[in-house]
Amino acid sequence: HVPLPLSVFYQSKEKQSQIVSTVGGGYSGYVEVNGKKHNVYEPAVTSQTFRYRSVDNIKYLDVEINGVPFEVMLDTGASYVALNSDAVQKLCVKNFVGRGVHNTANGKIQVNYFYVSSLKLGAFEVKDVKCGYSPSNSYNLLGGSFLKHFNYQINESAGTITFAAK
């Protein structure tokens with residue numbers, strides 16, 4: 001018997017986004033040693049704690065986007081994942097699915113939207129994540145289009161953040 005990995009679906013008019021636990025995805029079975037069966041079980045990963053890098057109280061995490069490693073700034077106020085020119089170039093983004101104007105700490109900016117097929121943070125992977133690109137972006141931001149799939153708790157004294165799938 002092999003249970004399916006933890007899955008949570010998000011419905012929107014634009015696209016369906018899915019979170020999937022990719023490590024320790026939950027399975028059970030047995031191994032046979034010298035003719036004797038031994039049951040084994042690995043629970044699905046439902047939460048994971050990460051040590052973040054902090055510069056001037058800004059928190060940075062390492063992620064993989066479409067298999068490419070990036071450092072992203074945790075931005076709980078951002079509506080979506082925002083990527084800079086370097087990231088868009090590394091990901092070979094060619095097609096944008098829309099445009100918008102967003103208010104930022106530095107004023108209004110024009111944003112081009114696109115989707116990445118996969119964004120991984122440790123054991124968690126979210127599929128079809130909405131992202132925004134603006135040439136004025138200096139940083140890569142981990143925002144709401146990824147974060148909405150999780151509850152998260154920051155432990156400032158330990159320098160960690162724990163993500164738990166919703």
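**Group meeting: a walk through a predicted model**

What does its side chain pair up with? One partner is Ser-118: the two side chains are joined by a polar contact of 2.5 Å. The side chain of Lys-127 is also in polar contact with the Glu-125 side chain, at 3.4 Å.

Let me zoom out for a second. The protein chain has two helices and 15 strands. It has 166 residues, and 39% of them count as buried. Now take the contacts between residues at least 6 apart in sequence: 53% of those join residues at least 24 apart.

Ser-145 is in helix α2, which covers residues 144-147. Count along the chain and Val-81 is 64 residues away from Ser-145, yet their C-alpha atoms are 6.0 Å apart in space. What else does Ser-145 touch, if we skip residues up to four places away in sequence? Besides Val-81, the list has Ser-79, Tyr-80, Val-129 and Lys-130.

Look at the Ser-145 side chain too. One of its polar atoms lies 2.9 Å from the backbone nitrogen of Val-81. On the Lys-130 side, the backbone oxygen is 2.6 Å from a polar atom of that Ser-145 side chain. And Ser-145 is buried, because its relative accessible area is 6%, which falls under the 20% cut-off.

In soluble globular proteins, nonpolar side chains tend to be buried together. In our model, the largest nonpolar core has 32 residues, and Leu-61, Leu-83, Leu-142, Phe-146 and Phe-163 have the most contacts inside it. Several elements give two or more residues to this core, including β7, β8, α1, β11, α2 and β15. Which element gives the most? That's β12, with five residues.

Now for the largest pocket. How big is its volume? About 510 Å³. It is lined by 19 residues, and nearest its centre are Asp-75, Thr-104, Ala-105, Asn-137 and Leu-141. Strand β10, residues 98-104, supplies the largest share of the lining, with three residues. Sorted by class, the lining has nine nonpolar, nine polar and one charged residues.

Last stop: backbone angles. Most residues other than glycine have a negative phi. Which residues go the other way here? One of them is Asn-57, whose phi is positive, near 65 degrees. You'll find Asn-57 in the loop between β6 and β7. With a relative accessible area of 57%, over the 50% cut-off, Asn-57 is therefore exposed.

Cys-92 is another one: not a glycine, but with a positive phi of about 55 degrees. Its place is the loop between α1 and β10. Cys-92 has 51% relative accessibility, so it counts as exposed too.

Technical notes: Residues are numbered from 1 along each chain as its sequence is written. This is a predicted model: local features need pLDDT of at least 70, side-chain atom pairs count only at pLDDT 80 or more; totals for chains, interfaces and linings use all residues. Side-chain values use heavy atoms; hydrogens and water are left out. Helices (H or I, at least four residues) and strands (E, at least two) are DSSP runs, numbered from the N terminus. Buried means under 20% relative accessible area, exposed over 50%, partly exposed in between (1.4 Å probe, protein chains only). Contact means heavy atoms within 4.5 Å. A polar contact is a pair of N or O atoms within 3.5 Å; within protein, one must be able to donate a hydrogen and the other to accept it, and residues adjacent in sequence count only if both atoms are side-chain atoms. On a 1 Å grid over the protein atoms alone, a cavity is a set of points where a 1.4 Å probe fits but cannot get out, and a pocket is an open set with protein on both sides within 12 Å along at least five of seven lines; lining residues have an atom within 4 Å of a point. Grid points are joined across faces, edges and corners, and a volume is the space filled by probe spheres set on the points. Ala, Val, Leu, Ile, Met, Phe, Trp, Tyr, Cys and Pro count as nonpolar, Asp, Glu, Lys and Arg as charged, and the others, Gly among them, as polar. A nonpolar core is a set of buried Ala, Val, Leu, Ile, Met, Phe, Trp, Tyr and Cys residues joined through side-chain atoms within 4.5 Å.
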